[in-house]
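Work through the exercises below with the structure in view. Try each task before reading its solution.

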Amino acid sequence: MTHHPYEPDRDPTIRPASDDMRSDRPDAEVVPLDERRRARYPDDSGPTVPDEGGPTDRRTASRDTSYEIELDLPPAEAGPVPVDLPNAAVPARVTEARRPIIPTGLHRANIGTTTKTALGRWTHITAFHAVRSPWYLAKVLAYALTGLGRLTGRQLKWWWVAEQYALTQQAATRNDADLWLKLHREGKVTRRWRGGVLAAELIALAVAVPLAVFKLEPLWQAIIVALLIPVLAWYGKPHGHALIPAAVVSKRYRRLNSDIVLRAYYAAGLGHPDKPNLRIEFGTAMAREGNGSKVLVNLPYGKTFQDAVNAREKIASGLDVALAQVTVSRDPESHRSHWLWVADSDPLASSAGRTPLLTGKQTDIWQPAPLGLDERGNTVTLLMLWNSILVGAQPRQGKSFTARLLALYAALDPYVRLDVYDGKGSPDWRKFALVAHSCGFGFTLTRDGDPLQAFVQMLRDLKADVQTRYQKLSELPVDVCPEGKLTRAIARDPKYGMPVRIVVIDECQEYFDTGDKELNKEIAGLLVFLVKVAPAAGVIVIDATQKPGGVGTGDTATAFTSFRDNHQVRIALRTGSWQVSDLVLGSGAYSEGFDSSTLLASYKGVGILRGASDDNPTVRFHFADSEDAERILQAARKLRERAGTLSGHAAGQAAIREIRDVLADALTVFEGSESGLPWTVLAARLVERIPEHYGDLTAEAISAQLRALGVPSVDIKRDGKALKGAKRDAVQVAIRRREITG
């Protein structure tokens, strides 16, 4: 039964009349409806008794029983927002910003830099004008002579009443003799009077000049000449020219207003001025922020933030500025609104300056690392923990320098273990030998051995370490390891043996194409494992490449794609095309408006940071050249010596391990989803990958060694045959048992 829109609520104590409760039955209960209503609505606020007015009279202001209820409150009346008023009140969305009592530049920590900057500026200005002073003197004298001639000519015109010529000519044209005679007589009188003034001036000059030349002291003569010549020179200089050019040119910018912004958005197709439901509105007044202007733009209903991102190039064209000057950022309160920030000049053309790591102070890997400045001059940081980081760019665009910034930050934390490998063998990374646990540069054999073999062994050991870490973390008590995750206390406690590790691989594509197909396959599998699994165990992988696609063939190419696509944080400096930019930044970056190929070639050390935050800023990375890097690494080595954390190569230890761990080594040779390996295959892989410990190993020997450690010999199906071997799970159980029992 449908409830009538205007039917009052029923009393829950009143049951509907059914067949067994009809009024014509002798035992039927008679319900006094009027009394029930009065008891239910003692304040007479209940429904009224219907009268002749019909059903609509049953609705009251205090109680509406209709289902036609407004679920949302009516919107408050919002008037227009003043956009262009220069002294408008601070809008509700903008928090109050108080200017510092003492300027930042005059703080004790900054006074030295402020003084140095001011002295440098004035030294430059002085030197600039000192070099050009002879030319200034010649130019000023020439302008002074010209000014003297102009002044003389103007005096003569003034004496002859030249301004009357147009009037007398007009009277002659009209044949107005009376007016012409009147003007002529007035002109004669005026010339007579002005001629007297000029005669007096000439007499004064005839007296003053000899007196000044022969009677005044040389000092006063010089003062008079110094005052007169600039005045005459200014009078004689060409229009629009300065006597002395500026040594420092101040930047000029165009102040935005609502008309310019509306023109840009309508030209970009984001609205229409003649259609009320498609007009662009403003949520705040136009305001200054940093070296630019910002305003909150409300798009028409149905338009989204993504539409504004896609139209960014057209917006820049409509504003008549460079694309780099336009920044569009989200408004967290509305998906159709966004903040438009327009820089006064190209914000990416200036450098972010040298890295703050030059102080040599200890860092903490659990805190974000400073990267540089974004378009607005805000500091950009990156928390490296729990992430794999990919840096991609064309050659000589700052790729290695950017990856090195992150490695330098990690080096200054003495509790972080570093492994650094460079596929091209350039000098950029060689100084990291001061702090690196292991390192290798290029593929050329050195007295320390084969860098490629050292790299492969490092990956094997790292994989085993990651697997062991997960097992240890799962077995630690909750009060020590909450949620089963690595903590700062665990990472810094030597008894757990789980320090944060960072693996830096520059030109990582080289390790996927070593010339040995089997080795390529193994390296690819290990690297894919690390970027997918290792970050959660406190192992950070930083990779840099100039070739983010088309590496290797077959399974290796597939593995490289998986390796590239599983990095959580991506940094793309200038690339050759939007397709390459998408490979570095990840699929869909171009459709979201992020294209590193649009960065100019002159932007050295400028790139797009994606995946670290919601903003995905374009960053001007801090600069650290080879000398700066060496200085920082020297400080990092001292910090590690003081903390007692120097290890591996930096501590002078041999790259080849001195202790053999059969269980851990056996676990590392299982590939992919292999659940078991025959003894012959297990022995062959150990001989190939760890020859320093297993050079003459046989299937019988490895079987005996693992069975002695509690790994049973079982049937393993291989190529359709059942061969004796070991299960991966059995090896892992043996490792856990050893850790528990010691």
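Contact here means heavy atoms within 4.5 Å. The model is predicted.

**Exercise 1.** Find which strands helix H20 lies across, and its angle to S18.

Solution.
- Locate helix H20 at residues 728-741.
- Apply the contact cut-off: heavy atoms within 4.5 Å.
- Helix H20 lies across S16 and S18.
- Its direction is about 20° to S18.

**Exercise 2.** Work out the order of the three strands in the open sheet.

Solution.
- Begin with the edges: strand S16 (676-678) and strand S17 (714-718) each pair on one side only.
- The order is therefore S16-S18-S17, where a pair needs at least two bridges.
- The pairing is antiparallel.
- From one strand to the next, the twist averages 60°.

**Exercise 3.** Describe how S16 is joined to S18.

Solution.
- Strand S18 spans residues 721-727.
- Three bridges link S16 and S18, and the two run antiparallel.
- Take leucine 677: its bridge partner in S18 is alanine 726.

**Exercise 4.** State which strands helix H17 lies across, and its angle to S16.

Solution.
- Helix H17 covers residues 679-689.
- Helix H17 lies across S16, S17 and S18.
- Its direction is about 90° to S16.

**Exercise 5.** Are cysteine 481 and cysteine 508 buried or exposed? How many disulfides does the structure hold?

Solution.
- The cut-off for buried is under 20% relative accessible area.
- Cysteine 481 has 3% relative accessibility, so cysteine 481 is buried.
- Cysteine 508 has 0%, so cysteine 508 is buried.
- The structure holds zero disulfides.

Note on methods: Residues numbered from 1 in each chain as written. Predicted model: local features only at pLDDT ≥ 70, side-chain atom pairs only at ≥ 80, totals over all residues. Heavy atoms only, no water. Helix = DSSP H or I, 4+ residues; strand = E, 2+ residues; numbered from the N terminus. Axes fitted to C-alpha atoms, helices over the stretch in contact; angles between N-to-C directions. Disulfide = S-S within 2.5 Å. Buried < 20%, exposed > 50% of the residue type's maximum accessible area, 1.4 Å probe, protein only.
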